[in-house]
Amino acid sequence: MCNSNGGDGNCCPPAQMFQEKICGNFNGTGADQIVWQAPPGDFFEGTFELFNSASSTATVTGTIAGTIVPGAVGPVPAGSTFSVTAINPNTFTISASVATSGTYCIILYKRVLA
């Protein structure tokens, strides 16, 4: 059993934690846009942030799928930022109508056994 000896070198090393940050821009099309997707179980946690430009004419919403507790980011009014943390995410979709734009940032956490 790994780490049963208190990590004295006679067993498996502890898991390594990795952080990945993905940011980008979006322009509303009136259709849902998948901006990030990963296989189920790849990431154990993620923070999802949406900024809706002050020049936007409507709210923007993000949906996080694959989570233990399904998550939504927003609705985010024009000129505002909203973020949420989700466990076991695998897809992030932005719903933005025409004449909306902004940015998104995703910080993902992964556990890797060496």
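Visitor: Let's start with Thr91. What is Thr91 in contact with, leaving aside neighbours within four places in sequence?
Guide: Thr91 is in contact with Ile34, Trp36, Gln37, Thr63, Ile64 and Ala65. Bear in mind that this is a predicted model.

Visitor: Is Thr91 buried or exposed?
Guide: Buried, because its relative accessible area is 11%, under the 20% cut-off.

Visitor: Which side chain makes a polar contact with that of Thr91?
Guide: The side chain of Asn90, at 3.3 Å.

Visitor: And which strand holds Thr91?
Guide: Thr91 is found in strand β7.

Visitor: How many bridges join β7 to β4?
Guide: Six. Strand β4 covers residues 60-65 and strand β7 residues 91-96, and the two run antiparallel.

Visitor: Which residue of β7 stands opposite Thr63?
Guide: Thr93. Thr63 is also one of the residues in contact with Thr91.

Visitor: Zoom out. What is the strand order in the sheet?
Guide: The order is β2-β7-β4-β5, in an open sheet of four strands with antiparallel pairing. The edge strands are β2 (33-37) and β5 (71-76), and each pairs on one side only. On average, neighbouring strands of this sheet are turned by 15° against each other, direction ignored.

Visitor: Back to Trp36. What does Trp36 touch, not counting residues up to four places away?
Guide: Ile22, Phe43, Phe48, Pro89, Asn90, Thr91, Phe92, Ile106 and Leu108.

Visitor: Now the largest nonpolar core. Which residues there touch the most other members?
Guide: Trp36, Phe48, Leu50, Phe92 and Ile94, out of 17 residues in that core. Of these, Phe48 and Phe92 are among the residues that Trp36 touches.

Visitor: Which elements give two or more residues to this core?
Guide: Strands β3 (45-52), β4, β5, β7 and β8 (101-112).

Visitor: New topic: disulfides. How many are there?
Guide: The count comes to one. Cys23 is joined to Cys105, with S to S at 2.1 Å. Cys23 lies in strand β1 (residues 16-27) and Cys105 in strand β8, so the pair links distant parts of the chain, 82 residues apart.

Visitor: What is the handedness of the link between Cys23 and Cys105?
Guide: Right-handed, with 115° about the S-S bond.

Visitor: Why does Cys105 count as buried?
Guide: Because its relative accessible area is 19%, and buried means under 20%.

Visitor: And Cys23, what is its relative accessible area?
Guide: It is 43%, so Cys23 is partly exposed.

Conventions:
Residues are numbered from 1 along each chain as its sequence is written. This is a predicted model: local features need pLDDT of at least 70, side-chain atom pairs count only at pLDDT 80 or more; totals for chains, interfaces and linings use all residues. Side-chain values use heavy atoms; hydrogens and water are left out. Two strands pair if DSSP finds at least two bridges between them. Axes are lines fitted to C-alpha atoms, for helices over the stretch in contact, and angles run from 0 to 180 degrees between N-to-C directions. A nonpolar core is a set of buried Ala, Val, Leu, Ile, Met, Phe, Trp, Tyr and Cys residues joined through side-chain atoms within 4.5 Å. Buried means under 20% relative accessible area, exposed over 50%, partly exposed in between (1.4 Å probe, protein chains only). Contact means heavy atoms within 4.5 Å. A disulfide is a pair of cysteine sulfur atoms within 2.5 Å. A polar contact is a pair of N or O atoms within 3.5 Å; within protein, one must be able to donate a hydrogen and the other to accept it, and residues adjacent in sequence count only if both atoms are side-chain atoms.
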